[in-house]
Amino acid sequence: MARKTVEDLFIHELSDVYSAEKQITKALPRLARAATNPLLAEAFTSHLEETQGQIERIDQLVELTGLKLKRMKCVAMEGLVEESKELLDEIDKGAVLDAALIGAAQKVEHYEIASYGTLIAMAKHLKLDDAAALLEATLAEEKGADEKLSKIAEQGGNQAATLEKKIKIQIEAVRTPRRLSLPWRSFSQADRALSKPDTLWISGAAVALLLDLYGPSHWNTKIDDHRCRSFLR
């Protein structure tokens, strides 16, 4: 259908964002599973619920206005989703992937923020006040999701990626047969201790940093939580 009027543009843009939201519902579970940071995984999961509500909101808008959506695929969102798939294929699970996923997700949010802002302006021009109100509710959610991702990045997502190499250097094996000891101060000392290893630990500083960045729920799978916490005392 040729776009000759503002209403034509509105229908086209609404159809486009409807397709975008449908694509996002398929991508978010995959991103949540790939995230290492539990806060990031939770952000993806909670936004999936919001996205499903946003689709229902568009359905409600269509019913209120009597408009008919076009059957189309949002090519822009298809490209953004494909980029996220490439990240999963190319980057190992961990802090660096988390940082990349935050960036990819924020690209999606910015696209949606721009789309809903445009739709709201068109709805107001067309005197579709109820439609504008529904779109404004969705826009607020998209902005909230973007802000949440920014906070996760500031609080540790991107910091973890920056410190990943440093963390690896800090990881030093120590031998603790019965009581806890201070971490070795050099790899040569660690090597000597490892010649007859009893129990392997990583340095207290590294444990503290990892627990702070990812929380004990993640590291319980790799390090016994009781021993970690005892080691930190």
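1. **Basis of the note.** The model is predicted, so local features are taken at a pLDDT of at least 70 and side-chain atom pairs only at pLDDT 80 or more, while totals for chains, interfaces and linings use all residues. Residues are numbered from 1 along each chain as its sequence is written, and side-chain values use heavy atoms, with hydrogens and water left out.

2. **Overall fold.** The protein chain has 9 helices and 2 strands, where helices (H or I, at least four residues) and strands (E, at least two) are DSSP runs numbered from the N terminus. Read along the sequence, these elements follow the pattern α-α-α-α-α-β-α-β-α-α-α. Of the 233 residues in the protein chain, 45% are buried; buried means under 20% relative accessible area, exposed means over 50%, and partly exposed lies in between (1.4 Å probe, protein chains only). Among the contacts in the protein chain with a separation of 6 or more, 73% join residues 24 or more positions apart, a contact being heavy atoms within 4.5 Å.

3. **Helices α1 and α2.** Helix α2 covers residues 38-65, and α1 packs against α2 at an angle of about 155°, with the two axes 9 Å apart. Axes here are lines fitted to C-alpha atoms, for helices over the stretch in contact, and angles run from 0 to 180 degrees between N-to-C directions. The angle makes α1 roughly antiparallel to α2, since angles over 145 degrees count as roughly antiparallel, under 35 as roughly parallel, 65 to 115 as roughly perpendicular and the rest as oblique. The crossing of α1 with α2 is left-handed, which is the term used if the near helix is turned anticlockwise from the far one by less than a right angle, whereas clockwise is right-handed. 

4. **Helices α1 and α4.** The axes of α1 (residues 6-34) and α4 (residues 95-125) come within 10 Å and cross at roughly 160°. This pair is therefore also roughly antiparallel, and the crossing of α1 and α4 is left-handed. Residues of α1 in the contact include Val6, Phe10, Val17 and Ile24, and those of α4 include Leu97, Val108, Tyr116 and Met122. By class, the contact of α1 with α4 has 16 nonpolar, 2 polar and 5 charged residues, where Ala, Val, Leu, Ile, Met, Phe, Trp, Tyr, Cys and Pro count as nonpolar, Asp, Glu, Lys and Arg as charged, and the others, Gly among them, as polar.

5. **Salt bridges.** The structure holds 4 salt bridges, each being a side-chain nitrogen of Lys or Arg within 4 Å of a carboxyl oxygen of Asp or Glu. Side chains of opposite charge can pair when their charged atoms come close. One of the bridges joins lysine 107 and glutamate 83, at 3.1 Å from N to O; lysine 107 lies in α4 and glutamate 83 in α3 (residues 75-90), so the pair ties together parts that are 24 residues apart in sequence. Lysine 107 is partly exposed at 45% relative accessible area, and glutamate 83 is partly exposed at 35%.

6. **Two further bridges.** Lysine 124 forms a salt bridge with glutamate 136, with the closest N and O atoms 3.2 Å apart. Because lysine 124 lies in α4 and glutamate 136 in α5 (residues 129-170), this pair ties together parts that are 12 residues apart in sequence. Lysine 73 and glutamate 78 also meet through their side chains, at 3.4 Å from N to O; lysine 73 is partly exposed at 48% relative accessibility, and glutamate 78 is partly exposed at 34%.

7. **Valine 81.** This residue sits in helix α3 and counts as buried, with 12% relative accessibility. Leaving aside residues up to four places away in sequence, valine 81 touches Gln23, Ala27 and Arg30. Valine 81 and valine 108 are 27 residues apart in sequence, yet their C-alpha atoms are 8.4 Å apart in space.

8. **Lysine 127, a point to check.** Lysine 127 lies in the loop between α4 and α5 and is exposed at 67% relative accessibility. Its phi is near 65°, a positive value in a residue other than glycine. Most residues other than glycine have a negative phi.
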